[in-house]
Amino acid sequence: MIKYLIVDDEPLAHELIEEFCSMLPHMELQAHCFNAMEALQYLNQNKVDLMFLDLNMPKLKGFEFLRTLSNPPKVIVTTAYQEHALEGFELNVVDYLLKPFSFDRLVKAINKSMEGPQKTPKANDTISPSPTYPSFFVKGDKKYHRIAASKILFIEAYGNYSKIFLEEEMILAHEKISHLESMLPVGNFLRIHKSFIVHKDKISTIEGNRIKIEDHAIPIGQTYRNNVNSLLG
């Protein structure tokens, strides 16, 4: 669950963001703050994962407020003023939404927030050999589903759509397979056919021109044979 905060002096902006986020099952609104001082007081006593932050607010501007936070949550800037974008990225904001923004654009920003920054390990850090798996939202069945990459068995192209086969269900996503491929963690998935991407850790057997994942037999395309051979050393 992603706990989020809205910081904006315009009530209509709150309504729009809340309406959009209510369509995403893993977004949980924590509070409405209508100026930076309210947000500062809230964050001194509570923790959130994500903050939607307006820039042009009275008394304390958005970026000025952001600089006062020693450990800020991830930030998606929402503003009508494009000229401050460079300053925002210097402050490591996740994304910059120019008002008025669409639902799809907001979902893209939230997906970026879930990727997380790359962390440089310190000498005393414990380094785990396990890969990190992101998650992302896809549209299907008139709603948005949060997909954990670790749960994906394989993906099959289906015209302008894609079938995402998970451990417990199949979701028909309103995305082309090429777009989904760009959202997957590098190194964990393998394109074995123009219409199929498989999770390498889920492969049980490779025989002839077929890969077996659970009860599914997935064809290997001739032009992708070298990809599969790389698994065999």
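Contact here means heavy atoms within 4.5 Å, and helices (H or I, at least four residues) and strands (E, at least two) are DSSP runs numbered from the N terminus. Keep both in mind as you click through this predicted model, in which local features need pLDDT of at least 70, side-chain atom pairs count only at pLDDT 80 or more, and totals for chains, interfaces and linings use all residues. Residues are numbered from 1 along each chain as its sequence is written, and side-chain values use heavy atoms, leaving out hydrogens and water.

**Stop 1: colour by confidence**

Start with pLDDT, the predictor's confidence in each residue, from 0 to 100. The protein chain has a mean of 85, and 87% of its residues reach 70 or more. Now select residues 117–133: pLDDT stays under 50 there, and the model has 13 contacts beyond four places in sequence for this stretch. Where pLDDT is low, the predicted coordinates should not be read in detail.

**Stop 2: helix α1**

Next, select residues 11–21, which make up α1. Show the side chains of Ala13, His14, Ile17, Phe20 and Cys21, which are buried (under 20% relative accessible area; exposed is over 50% and partly exposed lies in between, with a 1.4 Å probe and protein chains only). These residues cover an arc of only 140° around the axis, so they sit on the same side of α1; the arc is taken from the directions from the helix axis to the C-beta atoms. Turn to the other side of α1 to find Leu12 and Glu15 exposed.

What covers the buried residues of α1? The cover includes β1 (2–7), β2 (27–33), β3 (50–53), β4 (74–79) and α5 (103–115).

**Stop 3: the parallel sheet**

Zoom in on β1 and β2, which pair in the parallel sense over six bridges. Ile6 stands opposite His32 in β2.

**Stop 4: cysteines**

Select Cys21, which counts as buried at 1% relative accessibility, and then Cys33, also buried, at 3%. How many disulfides does a search of the whole structure find? It finds zero, a disulfide being a pair of cysteine sulfur atoms within 2.5 Å.

**Stop 5: Gly140**

Move on to strand β6 (residues 135–140), where you will find Gly140. Its relative accessibility is 0%, so Gly140 counts as buried. Not counting residues up to four places away in sequence, Gly140 touches His145, Leu172 and His174.

**Stop 6: the antiparallel sheet**

Finish with three strands in an open sheet, ordered β13-β14-β15, with antiparallel pairing. At the edges stand β13 (205–207) and β15 (216–219), each with a single partner strand. Three bridges join β13 to β14 (residues 210–213), and Glu207 has Arg210 in β14 as its bridge partner.

Note on methods:
Pairing = 2+ DSSP bridges.
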